[in-house]
Structure formats: C-alpha cells, structure tokens
Amino acid sequence: MTRRVIGIVMNGVTGRMGYRQHLVRSILAIREQGGLPLDGGGTLWPEPILVGRSADKLKELADRHGLTHWTTSLDEALAHPLAEIYFDSQVTPAREQAIKAAIAAGKHVYTEKPTAESLEGALELARLAREAGVRSGAVQDKLFLPGLLKLKRLVDGGFFGRILSVRGEFGYWVFEGDWQDAQRPSWNYRAEDGGGMILDMFPHWRYVLDGIVAPVRSVYAHAATHIPQRVDERGEPYAATADDAAYGVFELEGGITAQINSSWAVRVDRDELVEFQVDGTEGSAVAGLRNCRIQHRASTPKPVWNPDLPATEPFRAQWQQVPDNGEFDNGFKVQWELFLRHVVSDAPYRWDLLEGAKGVQLAELGLRSAREGRRLDVPELTL
Ligand SMILES: NC(=O)c1ccc[n+]([C@@H]2O[C@H](COP(=O)([O-])OP(=O)(O)OC[C@H]3O[C@@H](n4cnc5c(N)ncnc54)[C@H](O)[C@@H]3O)[C@@H](O)[C@H]2O)c1
C-alpha cells in the first residue's frame, strides 16, 4: 500500500490548543491509527515540522513524541522539503504575518480562529490565498462536536418546525490568579495582546449559528470587564483591559432571534460549559458539547403561573436524550482529516479563510456595537 507523506509546519504547538487538540489529539492521533486512509487506496502520513520561539520547549516536545523536525525559524520551516501545509495556533496578533509568509511560500494554510485581528486583515488573507491558488481552512471545531452534530441532525430532519429562537449560555469561572492560578493564559484578558471575550467567542458563534441554524444578519452586544485586575503567570498583577463577558443578541435570517451570554466570570449551573436551547413550533432542544436533549410539542407540559404553589412539574426530567446513533471522533481531528483530504484528494471543504473572516466580521461588529450601544447589520462578505 502506498504511503504519501505530507509535511505540516505547526506554529504555536507549545500552547494550549496547539499542543493538546492539534498536535496530540489530531495529527499524532492520525499517525497512531496508521495514517489517514485515502479514497482510491493508500494512506496519508502527516509529518509535523514544529516551529516556535523556544528551542528548549520545541526540543523537549519533539523528544517526548519521537518527532524529528523542529526549528525556531519560520522561514526555515517553510523551506523544509516536506512542507506543504502551514498551521497556526499562535496567539492571535502573531497570526496574520506568519500566514502571509506561508502563502507567499506557496503553502496551503490551516489556522485557528480568529483568523486575524481585523476584518480587513482576515479578508486580505483569504484574498491572498485565493490569488496564490493555495487551499485554506479555519478551525470551526464546535461544528464537529457530538452535541452540536445531533442538533444539526434535528434541524436537517425538520424536528423543530419553524425555528423561533436560540439561547446560548457559555462560560465558567476563570480564576483571577491571586488566590488560585488562572486556568487561561493572561493575554486573553489584555485587549492590546488580542484578548477579549468577543474576539475569542463571536467567531465560534458565527459559524455555529450560520452553519446549524440560519445566517446571522445583525448583532447587538453589551461587553463587560467584570474583573478589572488579574494576576499573570509570573504572579504579577495586571490591568484586564479586555472584555471578560459579552451579552449578545443576534438576528438570523427568517426572523429567528438568538441570544448568547458568554462569560469568564460566571459559575456553572448547567450540564455542560456551553449549552444552546433552540425553540421551534414543533419542538425544542438543548445541545451541549456532548449531549442533546429534546422535548416534542406533544410532550410539552402546560405550566400555569402561580407563585403560591411549589413547582408543579419536574421540568428538567421531562426532556429526552437524543441517541448517538454513531461514533464521534475528536472534533478537531475530524476537521483536520477533512482538510487533509481537501488538500491531497480535492475533497470538498467549506470552512476556508473566507468563512473564517465571517467570524472576525461578527467579532469586529460586536465590539463596535458594544462601544456605540446600538444594533448593527452584518453585511454579506465577498472577496
Ligand atoms: N478553537 C478553539 O476552541 C480555541 C480555544 C482556545 C484558543 N483558541 C485560539 O488558539 C490560539 C492560541 O490560544 P491558546 O489558548 O492555545 O494560547 P496559548 O497562550 O496557550 O498558546 C499561544 C502559542 O503562541 C505562541 N506565541 C507566539 N508568539 C507569541 C507571543 N508574542 N506571546 C505569547 N505567545 C506567543 C506561544 O509560544 C504558544 O505556542 C488563539 O488564537 C485562540 O484564539 C481556539
């Protein structure tokens, strides 16, 4: 059986997402399963070429996983004879320049979100990739999570009738860093370093709403910095200059209203760290990362408002779990496999840099809406 090797320059693999989800759970997992089987026979063997700022960290990481290619020079990595794809999971402000260098070197590009810090920058990347004739992909991992795949299955199967509204709750308590270490990097809380809830999460909400429910047509966002001072990785206090919570209202095509709360200053009273409730004329669903529960019109209770009585129904118990009806692999890995097949076998792939730019567009408009205190239209994006 033939084995085609494809070199992937991986930048940012010493970070949280780059290491755990992209290197270990995606690329190394594909190698552990013997490579990626290709249509028409043969397998694809991804060969990581690690690039980053710290030689010590890269060497340690490469040794730990038996990898041989690493360098602190992006130019050197891009010039590696095996390199065909450039992947970026660096901090957001470092991304644009590195992707431009990769496109100029003729590499296909796959990147974490947000694809750039501004819509202008994100569109430029999409345009450059198209002009250079390279393939591009932006991470949209939530679309490949079991809970949201089940939600999509319900939408596609017509379960909801007419969809009326979506309410999303995302968040958890991120420790301030004084009493207990923060569980997220400090740059996330500094606007000048590409941090902030809206820039981080609105790109996700854009593809979740567009891809599962209906295209987003307008946004109103209220942003807050609930915790104005935090303590960084070195124990130094710093001013949290970015928003750590965003309360967004989105109008979707077809008159659907979506409202999503996102907060790093909320304590979890949910089954999962994110949950979306979708209400339709025929039924409702609550989808999380893994699970999805439903209530059909026919099994909907008829509560009557009476504060003098205790709750008359066990509301939470009246929902029914949607069965898996299949195996779900890691969402990041599933998307990597689709992108790799797109690059080597021309398989169709929708989640390109233009789709990534739509996420940046919603974040940019969300930040503007919060600054100006008004609702803003989300215009169609074209290159
Ligand atoms: N898809 C998702 O669900 C998801 C979740 C979290 C983060 N992300 C995205 O992934 C990217 C990385 O986030 P993370 O949480 O892994 O961050 P992190 O701080 O853990 O990792 C950042 C990486 O960038 C590198 N880097 C390059 N230049 C840097 C600089 N000037 N300062 C600091 N680090 C620098 C670091 O060495 C490290 O490898 C961000 O763009 C973020 O938006 C995506």
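Two residues are taken to be in contact if their C-beta atoms, placed from the backbone, lie within 7 Å. By this criterion, in the predicted model, residues 24 or more positions apart account for 70% of those contacts in the protein that have a separation of 6 or more.

The secondary structure of the protein consists of 9 helices and 18 strands. The radius of gyration is 22 Å, close to the 21 Å given by the globule rule for 383 residues, so the protein is as compact as a globular protein of that length. Along the principal axes, the C-alpha atoms fill a box of roughly 75 × 55 × 40 Å. Of the 383 residues, 43% count as buried.

The ligand is surrounded by 19 residues. The closest of these are Gly-15, Arg-16, Met-17, Gln-90 and Pro-185. Helix H1, which spans residues 16-32, gives the most to this shell, contributing 3 residues. Sorted by class, the shell around the ligand comprises 8 polar, 6 charged and 5 nonpolar residues.

An unreviewed UniProt entry places the feature "domain: Gfo/Idh/MocA-like oxidoreductase N-terminal" at residues 51-135. Over this segment, residues 51-135, the chain is 46% helix and 15% strand.

Methods
Residues numbered from 1 in each chain as written. Predicted model: local features only at pLDDT ≥ 70, side-chain atom pairs only at ≥ 80, totals over all residues. Helix = DSSP H or I, 4+ residues; strand = E, 2+ residues; numbered from the N terminus. Rg over C-alpha atoms; globule rule 2.2 N^0.38 Å. Buried ≥ 20, exposed ≤ 12 C-beta atoms within 10 Å, placed from the backbone. Near = placed C-beta within 6 Å. Nonpolar A, V, L, I, M, F, W, Y, C, P; charged D, E, K, R; others polar. UniProt positions renumbered as here; feature names shortened; annotations may be inferred.
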